[in-house]
Amino acid sequence: MKQLYVIGDPVTHSKSPLLHNTMCALLGLDYEYACRTVKREELAGFLTAVKGENCAGFNATMPFKELLLPYLDALDPLASRLGAVNTVCIKDGKLYGYNTDCPGYIAALRRRGFDPKGKRAVLLGAGGAAKAVAVGLCEAGAEVFVANRTSDKAKALTALFPHQMYPMAWPDLHAPELARADLLVNATSLGMVGQGQFGDFAFLQALPPACLVSDLIYHPTPTELLRRAAAQGLATMGGFPLLIHQAILALEYFTGQTIPPDAVLPALERAVGAQG
Ligand code: ATR
């Protein structure tokens, strides 16, 4: 049996072991997936040790998505563009880095029946999670309007795709981008348990009736943003679909096998109690 991990600090709350072990059991894959708390200063030691174990790879969460980069032997072009990895494969003592957050989000949208090509998206946030969403949406052919509390960070993010991404005012009911949006994505930490909350939700009223409202947060499910969007009659997508799709893509890298989403989605959705 080969070992897989998710590393981070904190990490014990992670749903990755549940998702990966569910898929491995279902598909008869001989892997065991566990949480491993690794502190920042323990990263180099962990990497040396894990190369000596029967370990096929690991996922990375806070604070390692960027910190891992200098230790990798090879970096996938998308992960290089994002400057962040969430999946590392170990082969012959070498470390190969990938990012499945970005394609995972697009796969989740497509599964929801939303093809980003030619669509207009309003993205709230300009941190690491927002960057993965923004790059995914632009590569899939959408236009993205980025609103962030700190406007300079929104401007810096839009520079990645200057012909498809534009900064906009932090959600302001009167912003014209809202009235024309096909998709609104919350990639800030607002609404997460233990974090702050949106000051008001008036901006939702500016969205057209066909707009999909997506929140990357799944703790709680649904978030207050999605609860209010649904009450207004808007379609919503919670954080579980991204979590699930990034895990499917990561397991494909770890095992080298194609995993048809239809074969695993019902079991994964049951496992996380997905409602989003
Ligand atoms: P992650 O990796 O989860 O994306 P991050 O890179 O720290 O985390 O980004 C957090 C995002 O949430 C940022 O867009 C941040 O806005 P700033 O760039 O202005 O800091 C946003 N955010 C966090 N707290 C916020 C708050 N109280 N109001 C508005 N935006 C907030």
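Q: Is Ile106 buried or exposed?
A: This is a predicted model, where local features need pLDDT of at least 70, side-chain atom pairs count only at pLDDT 80 or more, and totals for chains, interfaces and linings use all residues. Residues are numbered from 1 along each chain as its sequence is written, and side-chain values use heavy atoms, without hydrogens and water. The cut-offs are under 20% relative accessible area for buried, over 50% for exposed and partly exposed in between (1.4 Å probe, protein chains only). Ile106 has a relative accessibility of 8%, so Ile106 counts as buried.

Q: Which residue 10 places from Ile106 in sequence lies 7.9 Å away in space, C-alpha to C-alpha?
A: Ile106 sits in helix α5 (helices are DSSP runs of H or I with at least four residues, strands runs of E with at least two, numbered from the N terminus). Leaving aside residues up to four places away in sequence, Ile106 touches Gly136, Leu137, Ala140 and Pro116 (contact means heavy atoms within 4.5 Å). The one with that C-alpha spacing is Pro116.

Q: How far apart are the axes of α5 and α6?
A: Helix α5 covers residues 101-111, helix α6 covers residues 128-139, and they pack at about 60° (axes are lines fitted to C-alpha atoms, for helices over the stretch in contact, with angles from 0 to 180 degrees between N-to-C directions). That makes α5 oblique to α6 (under 35 degrees is roughly parallel, over 145 roughly antiparallel, 65 to 115 roughly perpendicular, the rest oblique). The distance between the axes is 8 Å.

Q: How many nonpolar residues are there in the contact of α5 with α6?
A: On the α5 side you'll find Asp101, Cys102, Tyr105, Ile106 and Leu109, which meet Ala132, Val133, Val135, Gly136 and Leu137 in α6. Ala, Val, Leu, Ile, Met, Phe, Trp, Tyr, Cys and Pro count as nonpolar, Asp, Glu, Lys and Arg as charged, and the others, Gly among them, as polar. One residue here is polar, one is charged, and the nonpolar count is eight.

Q: At roughly what angle do the axes of α5 and α10 cross?
A: Helix α10 is residues 240-255, and its axis comes within 8 Å of that of α5. Residues of α5 including Tyr105, Ala108 and Arg111 meet Pro241, Leu242, His245, Gln246 and Leu249 in α10. The contact divides into seven nonpolar, three polar and two charged residues. The two helices are oblique to each other, crossing at roughly 120°.

Q: What is the relative accessible area of His20?
A: His20 has its place in helix α1, residues 16-27. Beyond residues up to four places away in sequence, His20 touches Tyr33, Asn59, Ala247, Ala250, Leu251 and Phe254. His20 is buried, and its relative accessible area is 0%.

Q: Near what value is the phi of Asp92?
A: Asp92 sits in the loop between β5 (87-91) and β6 (94-98). With a relative accessible area of 80%, Asp92 is exposed. Most residues other than glycine have a negative phi. Asp92 isn't glycine, yet its phi is positive, near 50°.
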